[in-house]
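Hi,

Here is the structure I promised to pass on.

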Amino acid sequence: MAAAEGRVSAGAPAEAVPVLVIEPGRRLAAVRLNELWQYRELLYFLVWRDIKVRYKQTVLGAAWAILQPLATAVVFTLFFGRLAGIGSDGLPYPLFSYAGLLVWTFFAQGLAQSSASVVGSANLITKVYFPRLVIPLAAVLSGLLDLAVATPLLGVMMAYYGIWPGAGILVLPLVLLLALLAATGVGLWLAALNVEYRDVRYVVPFLVQLWLFVTPVIYPASVVAPHLEKLGVPGWALGLNPMAGVVEGFRWATLGRTAAPISLILASTIVAIALCVTGALYFRSVERSFADVV
Amino acid sequence: MSAPAIRVSGLGKRYRIGERVRYKSLRESLSNAVTRTFRGGRRTEETIWALKDVSFEVAPGEVVGVIGRNGAGKSTLLKILSRITEPTEGRVELHGRVGSLLEVGTGFHLELTGRENIYLNGAILGMKRAEIDRKFDEIVAFAEIERFLDTPVKHYSTGMYLRLAFAVAAHLEPEILLVDEVLAVGDAEFQKKCLGKMGDVARGGRTVVFVSHDELAIRRLCSRSVVLEGGTILFVGLTEDAFSRYRASRHDPAFSVDLRTVATPVARITNAQLLLGGHSTTEFVAGQQPDLVVTAEVCERTYVSLEVLVRDENSRPLLFCPLGLSGCGQYDLAPGVYRFKVQLLLPQLASGRYSLDLILAEANVRFLDYVEQALVFVLAATALPATGWVFRQTRGQGAVLLDVVSSAPPEHVSALPTGLLRGPL
């Protein structure tokens, strides 16, 4: 076998040397959160890159983050609020729809960005190792800045309409966490599927559009719940769509007019967590072939 | 003997043919699932093993080269070691923190400035933020881009871009470093600088696996090398021997016109081969005298002679045979196809690889067709019968053994004056 073996290294480290074993993967993959934690700085840098590049490349920069939900809210107000006369839980319709659209836009952007993220990072994936989960996570997280940029306008509108948040505002971070979970869960599924099935690219815009209509953004959940109950379905069933809980929860936390939609939020939370866990597991189980397929 | 830093055992990687380039569409998957159900679940898939039964060990602090032709499995091996792709079978143990460098500038973003890219690229290569902070000035100095630190890299020249990219990568400090071909970029000056830095890295006690086509780089950096061929290990051992084995395996039996340096419409070589006992071959042992058969197409009536140039494995001209000029091989040929056949009376050559330039010429007037390295042959290692010594091209003592006539013992002329007697050196 080998000729010149047995050369000793200069200064072998005294502490335990990390041992890495590479073997063919088993069918079921673990999520390996500890490894993800080790790479938190990479996650930070990728989020930072996404934000930086997006704001550098566009003329309007941060203004896009406000313009998107605002323009949509104006159109919704005209057509659904005025012409169709859709209810808004006693809130001014512009405020009602802008609040809903804020979190909805975060979710929709999250899906769009994360579903394309892994394929778009092919140059990284084929050249260097890191936990691949970092990529869709960074894509979803970078949307938080847009959300933060667009939120002050909600405050301005609330001041204009003289509506002040109640105690519900304290729960706002939890509602935002739920939004993050929902976007991440669905985003992980789409990102992994997109690598194997490039059809996903076409499915996402369509999916987002349909999803908007089944989520109480244009209309309040209170309009739909009675119809469901008439069919013998409990009102919280609407929360099986995780975004229903997010949108209703966000409106309640910021505008605080209705009673707390607790059962709705609970149902959404369970579904969002389930999506996240299964999404991460599915992602992990197919990621080993990413470098070969991308 | 210390425990190895890298232990690779029985490693294999199988690709489905086409898998690397194609992804599935949903429709295809669905229709496949349907057909599979109706055909009793039998799947016939064509697969290839990009890597098979690969085992070797690397000691801590050792710098090992990986050589082989394109498609020999070098990149696949490196991708498995750096965890980019999973093996199909086998096992790898890596003792120490691993860093891999499969290209320079991975993840560089053109819109970001030099400063920003240093942090981004560093993080992607696995450096901690504090580590990058610490080495920042060093990286900038190495890349020589101080003045352009806050300019987006899209405005950089190619040279600046590569210098910066390599500078970040060169400051990676894992215990095990996996490097692929990164030196194959930039101008000669830059390559020299990179090679120098790689040498520092290699001497710094780190374990390095280095894949490259650059023979000089491998020879300078690596004491031992692994030769891969067709996905399996051909040889593991001293770099010098590895290159001999690699060369010997690299001959291409086919006649090649890739290096046609002169072409005229008058005449051209269409085929050539070396024959031994009537059979086409490219491997000889010392003492064999192969026939060279060259087929040529003459399109205009002209004087034609065949000339042959033998080159050594570094492509240096070694033996020249101008048949026309030696007075025995110039012919007045009408248009048509002709076959030249000559026997090569090779002198005593060192073992190794040789190539043949084939030339059609109007003797001493002009070249009609000139094909460099049209044929390649390998001379197997043969020991000199008297001593068992093997003359190899790699020794750097030329390629032709000079024969001498006298082998009488040295004649005793006179005794040395006593005062000058010296002891054994």
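Strand 7 of chain B has five of its five residues buried, so the rest of the structure largely encloses it. (A residue is buried if 20 or more other C-beta atoms lie within 10 Å of its own, exposed if 12 or fewer, and partly exposed in between, with C-beta atoms placed from the backbone; helices, H or I of at least four residues, and strands, E of at least two, are DSSP runs numbered from the N terminus.) B:Thr207, B:Val209 and B:Val211 point one way from this strand, while B:Val208 and B:Phe210 point the other way.

Before going on, please keep in mind that this is a predicted model, in which local features need pLDDT of at least 70 and side-chain atom pairs count only at pLDDT 80 or more, whereas totals for chains, interfaces and linings use all residues. Residues are numbered from 1 along each chain as its sequence is written, and chains are lettered from A and ligands numbered from 1 in the order in which they are written.

Strand 6 of chain B runs parallel to strand 7, with five bridges, and B:Leu178 is opposite B:Val209. Strand 3 of chain B is also parallel to strand 7, through four bridges, with B:Gly65 facing B:Phe210. Strand 3 (residues 63–68) pairs in parallel with strand 8 (residues 224–229) of chain B as well, over five bridges, and there B:Val66 stands opposite B:Val226.

B:Phe210 is worth a click. Its contacts include B:Val63, B:Val66, B:Ile218 and B:Leu221, leaving aside residues up to four places away in sequence; contact means C-beta atoms, placed from the backbone, within 7 Å. B:Phe210 is also among the residues with the most contacts inside the largest nonpolar core, which has 155 residues. (Such a core is a set of buried Ala, Val, Leu, Ile, Met, Phe, Trp, Tyr and Cys residues joined through C-beta atoms within 7 Å.) Helix 8 (residues 172–196) of chain A supplies the largest share of this core, 16 residues. Another core, of 34 residues, lies apart from it and includes B:Ala296 and B:Phe340.

In chain A, helix 4 (residues 93–120) and helix 9 (residues 200–214) pack at about 170°, with axes 10 Å apart. They are therefore roughly antiparallel, the word used for angles over 145 degrees, with under 35 roughly parallel, 65 to 115 roughly perpendicular and the rest oblique. Among the contact residues are A:Trp104 and A:Leu111 of helix 4 and A:Val204 and A:Leu212 of helix 9.

Back in chain B, an open sheet of four strands has the order 12-11-14-18, with antiparallel pairing. Strands 12 (279–280) and 18 (336–343) of chain B are at its edges with a single partner strand each, so one side of each has no neighbour in the sheet. Eight bridges link strand 14 (residues 291–298) to strand 18 of chain B, and B:Val293 has B:Lys341 as its bridge partner.

Best wishes

Definitions and conventions
Pairing = 2+ DSSP bridges. Axes fitted to C-alpha atoms, helices over the stretch in contact; angles between N-to-C directions. Contact = placed C-beta atoms within 7 Å.
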